[in-house]
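Morning, everyone. Please have a look at the model on the screen, and then we'll walk through it chain by chain.

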Amino acid sequence: MNQQLTRSQRLSRLDVKASPYLYISPFFILFFIVGLFPLVYTAWVSVHDWHLIGGQGEMVGLTNYIDVLQQPNFFKALRNTFSIFLLSSVPQVLAAIVIAYLLDTNLRAKTFWRMGVLLPYVVAPVAVSLIFAKIFADQSGLVNAVLEILGTSPIGWHADPFAAHVAIATMVNFRWTGYNALIFLAAMQAIPREIYEAAIIDGANRWRTFFSVTVPMLRPTIIFVVITSTIGGLQIFDEPRMFDTLGQGGADRQWMTLTMYIYELGWGAQKSFGRAAAVSWLLFLIIIAVGVINFLITRSISSSSSGKAGR
Amino acid sequence: MRAAIRNLAAVACVGALLTACSSGNGTTPDATQNGSASADPNEKVTLTVATFNEFGYEELFEEYMADNPNVTIEARKAATSNEARDNMNTRLAAGSGLADIEAIEIDWLTELMQYPDKFVDLADPELDGRWLDWKSAAVTTEDGKVIGYGTDIGPEAICYRADLFEKAGFPTDREEVADLLEGDWDTYFNVGKDFVAKSGGVAWFDSASATFQGMVNQVENPFENSDGTPIPLSENDEIKAIYDDIATAATDDNLSAGLAQWSEDWTNAFQTDKFATMLCPGWMLGVIEGNAQGVEGWDIANVFPGGGGNWGGSYLTVPEQGANHEQAKKLAAWLTAPEQQIKAFQAKGTFPSQVEALEDPALLDQTNAFFNDAPTGQILAERAKAIEVAPFKGPNYFALAQLVTDALNRLDVEGTDDAAGSWDKALEAYNALGLS
Amino acid sequence: MSTQMSTPMIEQLAGKGAARAARRKLHGVDKRPGWLTYCALAAVVLISFYPIWFTILLASSNAGEIARNPIPSLIPAGEFLTNVTRVIESDIKFWTALANSIIVSTVTAISVVFFSTLAGYSFAKLRFRGSNGLLVFVIATMAVPTQLSIVPLFILMSELDWVGKLQAVIVPGMVTAFGVFWMTQYLREALPFELIEAARVDGASMIRTFWSVAMPAARPAAAMLALFTFVGSWTNFFWPFIILGSANPTLPVALQLLQASYFKDYSLIMAGVVVATLPLVILFAVAGRQLVAGIMQGAVKG
């Protein structure tokens, strides 16, 4: 009897100790099968002279890294990536929080509104690219036609780097704002209503409540959205590629992003798999660095405002 | 490396203890086995054939399977040549997974011809003279290895808007237009200047970079010497001269509508009378007809500046990875025979590259109602025979051609630079490539 | 035993929630929003809806009309059913593709939700050595650029003899870093420690506690993750195209073949887009209500 009890206690202790690892193991097992090999393979490729079709050549150490760091196109791609990233993520996250806040009210026909904002996420890319091509066409496009009516000069959506970045960011925001709004909404719904009640009793108005209750309580979700959109934003590929029919980022590469640069190096005219792999690793490190910075900024902002709320 | 990969995969398997993984690791994929030794011609065999866009082979596959009961053909298809190219490059890079017969486009040849070992030698004395000389020369290596059988080509003519010609007081009949444009590129541009002066805002051609492509395809060594070494762009007088000609025509003389081909503005321009002529390979006829629905006046003239020119066209290859080299070669030879290629032409309009097919009444009798009932079969067959030059395209051809195309787009489409400034940027980009 | 122990607690809490809902009315937290809110949302939904409407417009037109009118009229023409029939009857293995897409998306969504909730619960609420480091590792894996992974992943699939088979698309997506991270962040706030401790005190095993306490609390986030994963998997093109090809396609791979000509017939292509989007809209209509219910339930528990 006594022995049995200890055995079950021991089993229970094992349960407590092992279960957390067991629960997270599916992710790691799968990662070691389908994620780790590509990562190691890419690192291996990046230190070789490696033609996409011709295959492995001599080991060249860090030559590929040094080569791409001397290419003006690398820095152009870096600039474009950050510019499009900032133009898309910042307004996107802000708009998503506001839309989520509106959706969090006691609306009539809730399902309709919620699913309505998510619609852009399901539209096939071929339809999206066609529509935006018509909107941002330089000569026959909708926006320039409107500008003409208003009497201003048309914008060179493809010629001017900044205009191109704005147009691409618009495509990104169109697709992902509703998606992020629903993520925020799910988190807002989990905020206990008593806290709002308390704020209202304290005499806080709607916007006060929003900034002193909602935003601090959303902290983990804001961190989540900021980090995932940092990662997604710095890897942006589809939208700038679809921005014209050639898909190389413009004659001056004025909207070529880093992932497009990887593609151009590896699959384009050069077929230099080695250099493409080197840029991949550089991009990986850049994303990690920016992710960490964003994490620290977000954490300090939302904890300082939650400090105010806690008063 | 393959062994290293297998070891890595095995390590991953051990770590994962996945049953599916271990069973998969034990079997060697068929693709890695070299089955060229299968001598028995009646052995049951499944052949995969990967094509893209429209090759018009669907009924031919049925016909072949009926005649060869031991052969089953499995068709794979990609929508566009870009997708097919990504797919093929991935499988070439991975070293497995290619079909028994892979269709390739002429634009991919420069990179594939560097690695002829990846393909089965298809040289066959019996097939000598089946294709136009320049078509087969492009897939033959220096030591006589043939990596592909030609399917279709894109012989170029000039398509024009007879109605806009009439308004400008130009001849409209396709033979008179051909006489008018007969000559070199200067003739084409000079007639264009005359046209633009009278047309009231209609441009002469659609795009500077498309015109550049037509011109550069008549140069023997556009960007590289025949040994494959690049000609430094700053010393490439021939290309610089072409560039200057087009730049002058496009900007100073206003001959260009300043459109990037395939863009929304370009598609739109077919409905809004933005330009009067364009370089027109056979497959472009369908594109014009589709984009210009409801517009009357398109016609095609049996002429091309500077002689003949080809744009596009494909080959069938037999990758070394495949398991059934002999059977695949036999099928590829059958599919690219003149009789079959004529059937493909009838099914999907792919213009044949076979000498004999160019004499076939089924081709020569073809007319096109949209192009004012022009005898398009006859015209394109003659344009095909007019092609003389097969430009040398070495390993860096596309990287280098891209530099000049980008330069032209900067001044023609985007309008961000003048001719000299844009050329300087191309020279900078050449140096950044680090070729020499 | 332990289920009976924990269920009443949830019920109890739900009861509290209901009581709270009654109180809310008094304080006016959840009064109906004003017309300004509706106007703002209507603008957002209108912008969101336009591309779908545009797609339907083109899908019910024909190539000639589309070429002649670059900006289509706002009323659909009558050729929608003709175009849809053309899509289904064209030589693209439509029904195989539809079945494959349903299998891939469903299996992926269920699997991602289950494994991500499990891992998210572990990271958010269980204490174990190295948990912070491992979570950072999970997040860092998202930063790996995917463009280059195609070649090594193809090599791997080829070694497993999975080229052309559905598991080559399903297995790599069975649990995602995104899902794990999402569930972790959600459960951090939405699942109180007291609930877990109460279940443990009642003698529930770890997995039982997960099943009866964490899973219900995770429902709203799980519903959302399932929806996102399903849609993401449903619309994924490049990897299925490379690894499956047109022989055993998913819906986007098959429908891409509608573009296989020099001149693109957008009435046909867009009819394909509508056919591919329709199942998602049905899913929205069915799961959407579920989603709202799920969110409300989650709110009650907070």
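Let's start with a term: buried means under 20% relative accessible area, exposed means over 50%, and partly exposed is in between, using a 1.4 Å probe and protein chains only. By that rule, 57% of the 436 residues of chain B are buried.

A word on the source. This is a predicted model, where local features need pLDDT of at least 70, side-chain atom pairs count only at pLDDT 80 or more, and totals for chains, interfaces and linings use all residues. Residues are numbered from 1 along each chain, chains are lettered from A and ligands numbered from 1 in written order, and side-chain values use heavy atoms, without hydrogens and water.

Back to chain B. Chain B has 19 helices and eight strands; these are DSSP runs, H or I of at least four residues for helices and E of at least two for strands, numbered from the N terminus. Its C-alpha atoms fill a box of roughly 75 × 50 × 40 Å along the principal axes.

Contacts next. Contact means heavy atoms within 4.5 Å. Take contacts in chain B between residues at least 6 apart in sequence: 75% join residues at least 24 apart.

Now chain C. How many helices and strands does chain C have? The count is 14 helices and zero strands. Of its 302 residues, 55% are buried. Among contacts in chain C between residues at least 6 apart in sequence, 77% join residues at least 24 apart.

Last, chain A. An automatic or database domain assignment sets the bounds: domain 1 covers 2-34 and domain 2 covers 72-309. Their C-alpha centres lie 40 Å apart.
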